[in-house]
Amino acid sequence: MSRYPGFNTSRRSLLKLAAAVGATGTLGLATQSQAAKRIATRARIVIVGAGAAGTTLANRLVERLEGAEIMLVDGRQDHYYQPGFSLIAAGLKTPEYSITKTRDWLPSGVTLIAEPAAAIDPVAKTVSTASNKTLEYDFLVVAPGLVLDHGAIEGFSLDMVGKNGIGALYAGPEYAGRTWEAASKFTEEGGVGLFTRPSTEMKCAGAPLKHTFLIDDIASRSGAKGKYEAHYACPQNVLFSVPIVSEKVRMLFNSRNIATHYSHTLKAIDPGRKIAFFETPATTSPAVGSGTSIAELPYDYIHIIPPQRAPEVIRQSGLSWADKWTDQGWVECDQKTLRHLRYPQIFALGDVAGVPKGKTAASVKWQVPVVEDHLVATIEGREGTETYDGYTSCPLITRVGQAMLVEFDYHNDLVPSFPGVIAPLEELWISWLMKEVALKATYSAMLRGKA
Amino acid sequence: MKELTFGTLIAVFEEIFGHGLWWFMVAVAVAITTLYLYVLIRDRSMSMRKFLWAQLSMPFGAIASVLYVQTMTSSHFRDIGGPIDVIVLLGVAVMGAIGCAILVYTIQSLLHEKSEQSLAGE
């Protein structure tokens, strides 16, 4: 038997490898200690809302400021990972997937006032809480999120979700779970699936499409195969605000035989007869004249997304735009710096900000460093330099296992993070992996102020 | 995605497999690699006979790792949509193949130390 050629390994080469690994670790620690240069201040900073935006900002400010009094005002005990709702409502995750405790994300050195804000006085610079506690501030960041106006849909209430073919995944993890109960019945039995979206600004404008794509995909491979129709009804005349994405979705809807009903605003449902009522523009007959009419669409499964507005505490505080979104009340702020246009010590973050785009967690990730920069700069007596250009991202799921990683800005330009590698308008597995697994990890890192 | 740090990458893997399973897999991978290095240093050479068996096991490792990742991420082969997906898939397969080869080589070395030494003519 001949001797086989081979290579020799020595203890010395092993030691070299260990030394290299050790050096890499040390470099990492050195970078961390350099970042710890904090600014001394006694500023009182109140953040209304401990959701994605409020929590991320609190974690970052604690790293930047020494001696600041940072107060977070939020009555909700649970923190919701909202990008998970679409997955829960398609049976891919359980409701627990999206639920953590608000308190667990907060750093030490931040005071959580666990009750809702009841009033904001931007002139006296105070925030009052539900138990009449008054907080004085030097800087105020409003990040309370938005409210879902379920009452605007006549005949519908949240206790109906999950039964009689009614879904409403925006309402929270539990409701997303119940939405899947109703949707899964549809994917087995078939019939007419009716998917809607509201006429107002809304968080994650891709989610109505994702739910449509996911339920259609699951139905096409389940008991409902060949026995169902999917209909998408929207108040707008496009499927997505970014024209090039809208066109792509239109083509995908065509290829999947998903019927589209433009200019259809959901106004009411009749759960007993399973009929939805939509306000539509005037009929084509010149005799009827202009105005609106009501169209009826039958359903076996309907997904309801109600109109969305700024919380009452914001709308009553005089912080909203006076001439824009008057029925919705988003905060009047500069769209580049998110600073209030009339009260320079107030900033808006997240869903509540009155900017053309950006009611997503991805936007929050880009917005928070901008507000942080301008707030800290003001404390230091200089001008901030960071700006927000409307970046938002939507891993637009087109079926279980594929998504399009759509990223865009205020100008409706696509701004891909991985140009030439991950094509924004291609249905890709890697984009699905990003949504299904990578997003929650990066979201958690963001909340902790690390990304 | 704004930046991808090492910490985020770890968090991504924890998310895919779950915290406990991920760190268990890391521990198993570290243990096998350590044993592999141990047998290489102990034997002072690489046996091509063992390596042949290790190579024969590689396709199985590749297929198993791809199926495993697909199961954990609710995915299928039909979801491959573009070149980058093929690259990711091949990357998973290559890692599975190499991992399997190291595992098979190490097990053989630990079980058949003496017989192999005589075969190698040491």
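In what order do the five strands of the open sheet in chain A lie? The views below come from a predicted model.

**View 1. The open sheet of chain A.** The order is E7-E4-E2-E11-E22, and the pairing is parallel. Strand E7 (110–113) and strand E22 (346–348) of chain A are the edges, each pairing on one side only. From one strand to the next, the twist averages 20°.

**View 2. The pairing of E2 with E11 in chain A.** Strand E2 covers residues 44–48 and strand E11 residues 139–142 of chain A. Four bridges join these two strands in the parallel sense. Val48(A) stands opposite Val142(A) of E11(A).

**View 3. Helix H2 on the sheet.** Helix H2 of chain A spans residues 52–64 and packs on the sheet. H2 touches E2, strand E4 (69–73), E7 and E11 of chain A. The direction of H2 makes about 160° with that of E2(A).

**View 4. Helix H8 on the sheet.** Helix H8 of chain A, residues 361–380, lies across E2, E11 and E22 of chain A. H8 runs at about 170° to E11(A).

**View 5. Helix H8 against helix H9.** H8(A) packs with helix H9 (residues 429–447) of chain A at an angle of about 35°. Their axes are 11 Å apart. The crossing of H8(A) past H9(A) is left-handed. H8(A) contributes Ala361(A), Val364(A) and Lys365(A) to the contact. From H9(A) come Thr442(A), Tyr443(A) and Met446(A). By class, the contact of H8(A) with H9(A) holds four nonpolar residues, one polar and one charged.

Notes:
Residues are numbered from 1 along each chain as its sequence is written. Chains are lettered from A and ligands numbered from 1 in the order in which they are written. This is a predicted model: local features need pLDDT of at least 70, side-chain atom pairs count only at pLDDT 80 or more; totals for chains, interfaces and linings use all residues. Side-chain values use heavy atoms; hydrogens and water are left out. Two strands pair if DSSP finds at least two bridges between them. Axes are lines fitted to C-alpha atoms, for helices over the stretch in contact, and angles run from 0 to 180 degrees between N-to-C directions. Contact means heavy atoms within 4.5 Å. A crossing is left-handed if the near helix is turned anticlockwise from the far one by less than a right angle, and right-handed if clockwise. Ala, Val, Leu, Ile, Met, Phe, Trp, Tyr, Cys and Pro count as nonpolar, Asp, Glu, Lys and Arg as charged, and the others, Gly among them, as polar.
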